[in-house]
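Colleague: I have a few quick questions about the side chains in this one. Can you put it on the screen?

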Amino acid sequence: MLAAEPDGDALTDEELVNGHETTKTPLVNTVLCLAEFPETRDDIPRAVEEVLRFLPPVGGTDRFTTRPTTIAGHRFEARRTPNKHRSFGNGVHFCLGAHLAHAELTLAASALTEWLPGLWDLPADQIALQRTPVGIDVLELVLTQR
């Protein structure tokens, strides 16, 4: 990221610092989904892809179809194939850190499932949330093993 020059200029300090939001948010979303759907932990890379589709890192981004489309259900399906989500944008707006975020999410989720095998509890009264212009930010959560 330090060497990236998307428009011919290096990223500013603010852009580099703000880049962690799109890793922190899907990591929290991954914990939430793996807690709710523990059967998906047997294939972490696919589960991470589905988390990105199901709960994208930036919730306030509008998406439009190119033709009339009917969407049947919004279930979490970790075995979805193909999983062509646009959570990191597309084309010239594709996130520069997408590959790094994938690697970080996969490694962190794998380590967490090894460290805390079995079922997890996320007590609702121990999750601190904050509304932001683009969605809801999880400030704190308590994850315990059953």
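Modeller: What follows is a short chat about side-chain contacts in this model, which is a predicted one.

Colleague: Start with cysteines. How many disulfides does a search of the whole structure find?

Modeller: The search finds 0 disulfides. A disulfide is a covalent bond between the sulfur atoms of two cysteines.

Colleague: Is cysteine 33 buried or exposed?

Modeller: Cysteine 33 has 2% relative accessibility, so it counts as buried. Cysteine 95 is at 24% and counts as partly exposed.

Colleague: OK, charges now. How many salt bridges are there?

Modeller: The count comes to 5 salt bridges. One of them joins arginine 80 and glutamate 50, with the closest N and O atoms 3.0 Å apart. That pair links distant parts of the chain: glutamate 50 is in helix α3, arginine 80 is in the loop between α3 (44–54) and α4 (98–115), and they are 30 residues apart.

Colleague: And glutamate 50, buried or exposed?

Modeller: Glutamate 50 counts as buried, because its relative accessibility is 0% and the cut-off for buried is under 20%.

Colleague: What does arginine 75 pair with?

Modeller: Arginine 75 meets glutamate 77 in a salt bridge, at 2.7 Å from N to O. Arginine 75 is exposed, with a relative accessible area of 60%, whereas glutamate 77 is partly exposed at 29%.

Colleague: Which residue meets aspartate 121 in a salt bridge?

Modeller: Arginine 146 does, and the N to O distance is 2.7 Å. Aspartate 121 lies in strand β1 (residues 120–121) and arginine 146 in the segment after β4 (144–145), so the pair ties together parts that are 25 residues apart in sequence. Aspartate 121 is partly exposed, with a relative accessible area of 29%, and arginine 146 counts as exposed at 61%.

Colleague: What about phenylalanine 54 and phenylalanine 76?

Modeller: Phenylalanine 54 and phenylalanine 76 form an edge-to-face pair, 5.4 Å centre to centre with 80° between the planes. Phenylalanine 76 is in the loop between α3 and α4 and phenylalanine 54 is in helix α3, so the pair ties together parts that are 22 residues apart in sequence. Phenylalanine 76 counts as buried, at 8% relative accessibility. Phe37, Phe54 and Phe76 form one aromatic cluster.

Colleague: Where is threonine 40 found?

Modeller: Threonine 40 is in the loop between α2 (21–36) and α3. Its relative accessible area is 4%, so it is buried. A polar atom of the threonine 40 side chain lies 2.7 Å from the backbone oxygen of phenylalanine 37.

Colleague: What else does threonine 40 touch?

Modeller: Leaving out residues up to four places away in sequence, threonine 40 touches Leu34, Ala47, Phe76 and Ala78.

Colleague: What does the charged end of arginine 41 sit over?

Modeller: The charged end of arginine 41 sits over the ring of tryptophan 120, 3.9 Å from the ring centre.

Colleague: Last one: which residues does leucine 119 touch?

Modeller: Arg41 is among them, along with Pro38, Thr144, Gln145 and Arg146, not counting residues up to four places away in sequence. Leucine 119 is found in the loop between α4 and β1 and is partly exposed, with a relative accessible area of 40%.

Colleague: And how far is leucine 119 from leucine 34?

Modeller: Their C-alpha atoms are separated by 9.1 Å, and the two residues are 85 residues apart along the chain.

Definitions and conventions:
Residues numbered from 1 in each chain as written. Predicted model: local features only at pLDDT ≥ 70, side-chain atom pairs only at ≥ 80, totals over all residues. Heavy atoms only, no water. Disulfide = S-S within 2.5 Å. Buried < 20%, exposed > 50% of the residue type's maximum accessible area, 1.4 Å probe, protein only. Salt bridge = Lys/Arg side-chain N within 4 Å of Asp/Glu carboxyl O. Helix = DSSP H or I, 4+ residues; strand = E, 2+ residues; numbered from the N terminus. Polar contact = N/O pair within 3.5 Å; in protein donor to acceptor, adjacent residues only side chain to side chain. Contact = heavy atoms within 4.5 Å. Phe/Tyr/Trp six-rings, centres within 6.5 Å; stacked < 30°, edge-to-face > 60°. Lys NZ or Arg CZ within 6 Å of the ring centre and 35° of its normal.
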